[in-house]
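User: I want to know what stands behind the labels in this model. Can you take my questions one by one?

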Amino acid sequence: MLEARAVSVAFGAQQILRDVSFEVGEHEFVCLVGPSGCGKTTLLRVLAGLTPVSSGRALFKGDEVRGPQTALAVVFQDYGRALLPWRTVAGNVALALEARGIPSAEFADRINPLLEKLRLAQHAGKFPSQLSGGMQQRLQIARCLAQEPQVLLMDEPFGSLDAITRQELQDEVARLAKDERRTVVFVTHDLEEAIYLGDRVIALAANPGRIAEIVTIDLPRPRTQLATREDPRFLEYRHRLYRHLGH
Amino acid sequence: MKRLAWFSTSVLFLAALLVAWKLAADAKLVNPLWFPGPDKSFSKLFEWVTTGSLWAPLGQTVWRMFAGWLLACAAGITLGAAIASSTLARRLLQPSAEFLRPLPASAILPPAILVLGFSDAMIVFVVAFGCVWPILLGAIHGFGSLDQRLTEVSRLLNLSAWDRAWKFQLPNALPHIFAGMRVSIAIALIVTVASEMLSSQPGVGYLMLVAARAFRSADIFAGIIVLGMLGFLTNYATQKLEDWLLRWRPA
Amino acid sequence: MGAVLPLSVLFLWEILSRLGVLSEDGFSRPTRFFVAGARALADGTLLQQTAQTFAAAAQALLIAALAGIALGAILGLFRPLERAAQLTIDALRPIPSVALIPLALLLFGFSREMSAAVAAFACFWPILLVTIASVRAIDVRMLEVGRLLGFPFAKIIWKVAIPAALPGILVGIRVAAGIAIVVTVTTEIVTNPRGLGFAMTMAAQSLQADLVWATLLWVGVIGWLVNWGLERLERRWLRYR
């Protein structure tokens, strides 16, 4: 589905990524994890078509990624800046439908189920400034889902949220991904989050950013916050990948 | 309850000042020819309203003020959008706009009279000229300040240039534009009245100047009250419009 | 780069005027009005009129500052008084300064005081409001320290309150200075036969288009210079912030 082939990115004299290659299969949930400065956000932006490569190629379904496209939706960490403050919750989701050219008569039928799924239905008429951080991030996810993308690219989406909200949203995203059989690339600095959510975890090393290890996560689904995190295999994966985080 | 108490206090305070005014006028501290009491002023105003002689000049003043202001809004917003979209245009035009902003709008009156003569069109033009700079500068600032993240979102959604301008740039610019509009409406009132006084065009301003020459002080004070109310209402209306249009802003 | 536009406008103006496209009575042409301006500068009239305008504006600013700071300090320190006065302020502030021109004419006739009175009214409000806000923003702790050190009330005001509120007040005065000049010129244009505003009106009445434009240009430059000068002054004085 998505492929990075010998991707290197340099900004001026600084080498951010060097020779990164990996593949993401259809319906797969892949997590990119690594310490700060390892270029994981840059890598995601390369896949999204927002940042150009210095050498190598990024491919989506075999075609080279030349720029942003609607088939690849991006959920940003700074949700406050990625939402339209002047539109309501429903309005923000509608934006994706408008972009797709869907007639406005169909909006309600498409928006309401999405809001229900992300537990925002009773806030449909509110503005982003009236929502909590967690709700705003759910709104961003709802808008991305309204795009009906083929791949969901998520850039440390829960990094700005408190621990409880983070866990709630982890489970919500995991559920959505499995229910709708979505392909997800999830960037995080939280190793446990990566192992908890991913089918595969790609650990990146820093300076310059490059792949340190790729691990397939063989834990049963659906995963739960308590049981899965106590599973001995979970701890094994954690031990194995811990050293790549710059410790 | 507390708010009501404070409101009553401020009403009493204002009433006390009015009483002081009346006492000062009665005591003839200043020549009554120049300084009528509040009773004379308000009754003159009442007379204007009941005989209908207020409405024609007031209508003139109001229509000129709004015509000029609306013209300035249209020009300021469209020009501002155009200028903001091009760095070259910004560098060429913004310095001139900044230079013209501190220029007294009324200073345009003598040249305008020379070129356009004494007419409604001249007044509307001068009002528009005075009003356009705050709006233009607000629009340039507003249109150029779209968060980079939102620009990326618009690219990811593959939005057309029109969609991006209408759904992203314009709402984002609106707070800055409104700030300019609020400043301009105050300028519009001042410039309209000044123009009427200078060019002897029928309107509240001219009415008051004529009264001054005829030593009709009650008329002058009535006129001051009218203009004060006009100023208050336009400011209030603009503020309420802004509060409603921009109700999405964080508290 | 910012000079490109004005220079091209002047250039175009000159050409269009010579071609007869722009009527000479109304528009004159740049070469002519620079000459007229130079002449007015040389024989001192322009400078005299500038001095008249500045004198009235300065008088207005002084009156407005004294009244505004005094009243603002009192209202800022005594919250109940400020709340009582709120309605009165809201009722008087929206009155456009030009509305007072006829009254000032009646009271002061044609004189410097007439312009100064109208401009003082306009300048009073920004100074008052900014003083109230600045005084209210004074950290209560600073005042307490003053009291703990045993200072009498007046000394607290002088040594603690005023320096703390000063930066905000100076900003208000800078804004008011600009307003003083604008309103003074406006009164001169409308009726008062003195100063730069009158220079323009008189030139327009005697159909001297070149002098009108020259004076306008001069007013623009003066206005910009005053604004620039005040901003620099403010930045130097408030460097410690």
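This is a predicted model: local features need pLDDT of at least 70, side-chain atom pairs count only at pLDDT 80 or more; totals for chains, interfaces and linings use all residues.

User: What makes C:E82 and C:R136 a salt bridge?
Analyst: Their closest N and O atoms are 3.1 Å apart. The cut-off is 4 Å, so the pair qualifies.

User: Where in chain C do C:E82 and C:R136 lie?
Analyst: C:E82 is in helix 5 (residues 79-92) and C:R136 is in helix 7 (residues 112-136). They are 54 residues apart, and the pair links distant parts of the chain.

User: Is C:E82 buried or exposed?
Analyst: Its relative accessible area is 8%. The limit for buried is under 20%, so C:E82 is buried.

User: How do you know that A:E148 and A:R110 form a salt bridge?
Analyst: The closest N and O atoms are 3.9 Å apart. That falls within 4 Å, so the pair counts.

User: What makes the pair of A:E148 and A:R110 a tie between parts of chain A?
Analyst: A:E148 lies in the loop between helix 5 (133-146) and strand 7 (151-155), and A:R110 lies in helix 4 (residues 107-117). Those parts are 38 residues apart in sequence, so the pair ties them together.

User: How do you know that the side chains of A:R119 and A:E168 meet in a salt bridge?
Analyst: The N to O distance is 3.9 Å. The rule asks for within 4 Å, so they pass. A:R119 sits in the loop between helix 4 and helix 5 of chain A, and A:E168 in helix 6 (residues 163-179), 49 residues apart.

User: Why are A:R119 and A:E168 called partly exposed?
Analyst: A:R119 has 40% relative accessibility, and A:E168 has a relative accessible area of 38%.

User: Why is the aromatic pair of B:F129 and B:W133 called edge-to-face?
Analyst: The planes stand at 85 degrees, with 5.4 Å centre to centre. Edge-to-face needs over 60 degrees, and pairing needs centres within 6.5 Å, so the label holds. B:F129 and B:W133 are four residues apart in helix 6 (residues 120-143) of chain B, about one turn of the helix.

User: What makes B:W162 and B:W166 a stacked pair?
Analyst: The angle between the planes is 5 degrees, and the centres are 5.7 Å apart. Stacked needs under 30 degrees, so they qualify. Helix 8 of chain B holds both, four residues apart.

User: Is B:W162 buried or exposed?
Analyst: Its relative accessible area is 60%. Exposed means over 50%, so B:W162 is exposed.

User: What makes A:D78 and B:R149 a salt bridge?
Analyst: Their closest N and O atoms are 2.9 Å apart. The limit is 4 Å, so they count. Across the interface of chain B and chain A the rule finds four salt bridges.

User: Which helix of chain B gives the most to the side that touches chain A?
Analyst: Helix 7, with seven residues. The residues of that side divide into 10 nonpolar, three polar and seven charged.

Note on methods
Residues are numbered from 1 along each chain as its sequence is written. Chains are lettered from A and ligands numbered from 1 in the order in which they are written. Side-chain values use heavy atoms; hydrogens and water are left out. Helices (H or I, at least four residues) and strands (E, at least two) are DSSP runs, numbered from the N terminus. Ala, Val, Leu, Ile, Met, Phe, Trp, Tyr, Cys and Pro count as nonpolar, Asp, Glu, Lys and Arg as charged, and the others, Gly among them, as polar. Rings of Phe, Tyr and Trp (its six-membered ring) pair if their centres lie within 6.5 Å; planes under 30 degrees apart count as stacked, over 60 as edge-to-face and the rest as tilted. Buried means under 20% relative accessible area, exposed over 50%, partly exposed in between (1.4 Å probe, protein chains only).
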